[in-house]
Amino acid sequence: MRSGLNNIQWCPGCGDTLIIWAIKKAFEELGIESHNRVVVSWVGCSWKASQYIDGYAAETLHGRTLPFATWVKMISPELTVMAVWGDWDGFGIGMGHFIHACRRDLDITYIVFDNENYALTTGQASPTTPIWAKTKTTPEGNIIAPFDPVALAKEAGCKFAKYADSVKFAELKEIIKEAIQHKGFSLVDVHQACPSFKRW
Ligand SMILES: Cc1ncc(C[n+]2csc(CCOP(=O)(O)OP(=O)(O)O)c2C)c(N)n1
Ligand code: SF4
Ligand SMILES: [Mg+2]
């Protein structure tokens, strides 16, 4: 069991903080108690989300959050299982797992902390970096168009796939609640601020 919001280590103004508050409120309003839920995360800034939300938690390898969450759901179907990823983790190194999770449609809520860059490694371009955005790896501007995670998820069989924005807190919380209540695999791709590296 993990708990605690006492030691948040994200940069001031980071959208990650709003997203975990929305997740915590969603669990609270749905009456899902800490011993009935698991939050699985990976490597990246938002990996700490699982430490800051009370309840069972697991930190897995980069790109491997969904395989681990799948295993948890299969052995403990009574638990509410949430997987939290970054945009590189979910749509880069973990892309294969993402597509197959959509197809498999197990009851897992998948929240992407989409800051459109690799933040933990100090601001490289990711699969959702907008075209022409300047990052460490695209100093002249990104020339590779990002793809649309929600469209991709739907194409792969996901029946609940939505965008959200961390600054629209009430809407974000409601979308997360809907995603948790959806019986099957659900994606919420949350756009968020990253004041340290997302400057577009
Ligand atoms: C297998 C592996 N490859 C690369 C890394 C280095 N690495 C750590 S975090 C990261 C980028 C994470 O980006 P994202 O998933 O978007 O999360 P964010 O930090 O932006 O929240 C990378 C490439 C690693 N830890 N493990
Ligand atoms: S680098 Fe960006 S995503 Fe990471 S903690 Fe700082 S503001 Fe948040
Ligand atoms: Mg990122």
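Trainee: What makes the approach of Asp87 to ligand 1 a polar contact?

Mentor: In this predicted model, a polar side-chain atom of Asp87 lies 3.1 Å from an oxygen atom of ligand 1. A polar contact is a pair of N or O atoms within 3.5 Å, so the Asp87 pair qualifies.

Trainee: How do you know that Asp89 and Asn115 make polar contacts with ligand 1 too?

Mentor: Apply that cut-off again. A backbone N or O atom of Asp89 lies 2.9 Å from an oxygen atom of the ligand, and for Asn115 a polar side-chain atom lies 3.0 Å from a ligand oxygen. The limit is 3.5 Å, so both pairs count.

Trainee: How much of ligand 1 does the protein bury?

Mentor: Taken alone, ligand 1 exposes 590 Å², and the protein buries 73% of that. There are 17 residues around it, and Cys45, Asp89, Asn115, Ala119 and Leu120 come nearest. The largest share of this shell is from α4, with 4 residues. Both α4 (87-93) and β5 (117-118) supply at least two residues each. By class, the shell has 8 nonpolar, 7 polar and 2 charged residues.

Trainee: And which residues are around ligand 2?

Mentor: Among them are Trp10, Cys11, Cys14, Cys45, Asn115, Cys194 and Phe197. This shell divides into 8 nonpolar and 2 polar residues, with no charged ones.

Trainee: What is the strand order, and what makes β2 and β7 edge strands?

Mentor: The open sheet has 6 strands in the order β2-β1-β3-β4-β8-β7, with parallel pairing. Strands β2 (56-59) and β7 (160-165) each pair on one side only, and they are the edges. From one strand to the next, the twist averages 20 degrees.

Trainee: How is the packing of α3 with α5 described?

Mentor: The axes of α3 and α5 (residues 95-104) come within 9 Å and cross at roughly 30 degrees. Leu66, Pro67 and Thr70 in α3 meet His97, Phe98, Ala101 and Arg104 in α5. That contact has 4 nonpolar, 2 polar and 1 charged residues.

Definitions and conventions
Residues are numbered from 1 along each chain as its sequence is written. Chains are lettered from A and ligands numbered from 1 in the order in which they are written. This is a predicted model: local features need pLDDT of at least 70, side-chain atom pairs count only at pLDDT 80 or more; totals for chains, interfaces and linings use all residues. Side-chain values use heavy atoms; hydrogens and water are left out. Two strands pair if DSSP finds at least two bridges between them. Axes are lines fitted to C-alpha atoms, for helices over the stretch in contact, and angles run from 0 to 180 degrees between N-to-C directions. A residue is near a molecule or strand if one of its heavy atoms lies within 4 Å of it. A polar contact is a pair of N or O atoms within 3.5 Å; within protein, one must be able to donate a hydrogen and the other to accept it, and residues adjacent in sequence count only if both atoms are side-chain atoms. Accessible areas come from the Shrake-Rupley method with a 1.4 Å probe; for residues, only the protein chains shown count as cover. Ala, Val, Leu, Ile, Met, Phe, Trp, Tyr, Cys and Pro count as nonpolar, Asp, Glu, Lys and Arg as charged, and the others, Gly among them, as polar. Contact means heavy atoms within 4.5 Å.
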